[in-house]
Amino acid sequence: ISLVGIIYIQISWLKNMVELKKDGVADKINNLTKKVAEELAQLKSVSAVTGMGNTPGVTDDFVLDIPRTYSISQRFTSQELYDRIHDHFEKERIADIPFQFGIITYKNDEISQLERSSGQFREWYEDVNNYSWTHAIIPQTGSPAENLSAEEFLTVVVPNISDIVYRTMRPRFAIATLFTLIIFAAFYLTVNTMLRQKKMSEIKNDFINNMTHEFKTPIATISLAVDAIRNEKVQRDAEKLVYFSSIIKEENQRMNRQVETILKSALMDRQEVQLNLKHLHVHQIINDVTDNFILRLQEKQGSLETNLSADNDVIEGDEVHISNLVTNLMDNAVKYSRENVPPRISLTTASTAKKFILKIEDNGIGMTRETVKRIFEKFYRAHTGNIHNVKGFGLGLSYVKTVVEAHNGNIRAESTLGKGSCFTIEFPLASS
């Protein structure tokens, strides 16, 4: 509402300014037309003989018999009259406004003819879009020209004043538009920042909930194992002591891995991780990772299809991070499988002259378009009704994207809800 109000006031202010400017220009042209007409009237009041007094052999008596010339159109040329009017335009600081003029004579209350005019006067005068001002050239009372000269009128014509005013006000319009755009930009940034903060607050709450749940389970398990160890019967049984001690050890390591995941993500986000780059055969890394997933897939009666058909699989990369990258994507493919549907994972590779391409496809739960747009955001996790139905902090794909970009590659995701997802990764090939 405030923006609309400001813009309305600004437009109203500009309209008023244009109208005032138009009135001001019209008044200036009207006043200078009147002023020129008065000057010509004074000159008209003075009689003049056109050169006869200087003619050899012509006597004063003969001169007295020659009709004196009182008409302005006979005493001045069109150019002289144009220059006189133009001088007044310059004095009024409107010399950039084009104009045409005409001297019209009247006799016996009827238009006699157009005595003097500039080149396009008739065309401009007949154009209804143009503005014109007319003032009579009236000789002074008591002068010889009062009754002897034809009645003359000075008419000045200028183009549409609105166009002229708009041209002169272009800088102000440009500044007003610029400030309006700045206001809109500030409004957009403010609202966008608020929405982003709201989204970050939601993501933060989800992350805290996930982290609490992830830590609460091992803590509860460790607490139960400790209570069991305190039991006298268990203390007398070495085998049970070893069993509960191993549970505590495993849960401790699980918590440690979770902490490492968070810290590693923070380091990658700040670009503080130093990559140990060397020539890697990606196919070898893929084979090592997939070997570890065979048992997990067999438990779910799933299958893994690999088609490593890339002619060149050598990239410049960090073995640990590339291995983690493939592990994360494979882990997601297994975790986000559909209930009562055996997971099927397809892993294919290809290569071009400059790139190594890796595709990982699954037949899992899939994602909506909105989720696909946000899956690489830090801490973001797609909601599936129960936020804890799949464990994690929402850091895996963020980490994957960071690793890919750190190796000057790119990653894109395609997914259909209820049918599965496909991740395509491209790495630049190592220079030979």
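**Salt bridges, core and surface patches**

Glutamate 19 pairs with lysine 22 in a salt bridge, with 3.8 Å between the closest N and O atoms. A salt bridge here is a side-chain nitrogen of Lys or Arg within 4 Å of a carboxyl oxygen of Asp or Glu. The model is predicted: local features need pLDDT of at least 70, side-chain atom pairs count only at pLDDT 80 or more, and totals for chains, interfaces and linings use all residues. Residues are numbered from 1 along each chain as its sequence is written, and side-chain values use heavy atoms, with hydrogens and water left out.

Glutamate 19 and lysine 22 are 3 residues apart in helix H1, so about one helical turn separates them. Helices (H or I, at least four residues) and strands (E, at least two) are DSSP runs, numbered from the N terminus. Glutamate 19 is partly exposed at 41% relative accessible area, whereas lysine 22 is buried at 17%. Buried means under 20%, exposed over 50%, and partly exposed in between (1.4 Å probe, protein chains only).

The count of salt bridges comes to 7. Glutamate 39 and arginine 84 form one, their closest N and O atoms being 3.5 Å apart. Glutamate 39 lies in H1 and arginine 84 in helix H4 (residues 78-91), so this pair ties together parts 45 residues apart in sequence. In helix H12, lysine 335 bridges to aspartate 331. The closest N and O atoms of that pair are 3.6 Å apart. Lysine 335 is partly exposed at 28%, but aspartate 331 is buried at 18%. Shared partners join Lys355, Arg412 and Glu426 into one network of salt bridges.

The largest nonpolar core has 36 residues. Such a core is a set of buried Ala, Val, Leu, Ile, Met, Phe, Trp, Tyr and Cys residues joined through side-chain atoms within 4.5 Å. Residues with the most contacts inside it include Leu325, Phe356 and Phe427. Several elements each supply at least two residues, among them helix H11 (282-299), strand S9 (355-362) and strand S11 (420-428). H12 gives the most, with 7 residues.

Two surface patches were examined. Patch residues have over 30% relative accessible area and no salt bridge; like charges are joined within 9 Å, nonpolar side chains (Val, Leu, Ile, Met, Phe, Trp, Tyr) within 5 Å. Ile175, Leu178, Phe179 and Ile182 make a nonpolar patch of about 380 Å². Isoleucine 175 sits in helix H8 (residues 170-230) and is partly exposed at 45%. Lys21, Lys28, Arg93 and Arg172 gather in a patch of positive charge.

Methods: Accessible areas come from the Shrake-Rupley method with a 1.4 Å probe; for residues, only the protein chains shown count as cover. Lys and Arg count as positive and Asp and Glu as negative; His and the chain ends are not counted. The place of a charge is taken as NZ of Lys, CZ of Arg, CG of Asp or CD of Glu.
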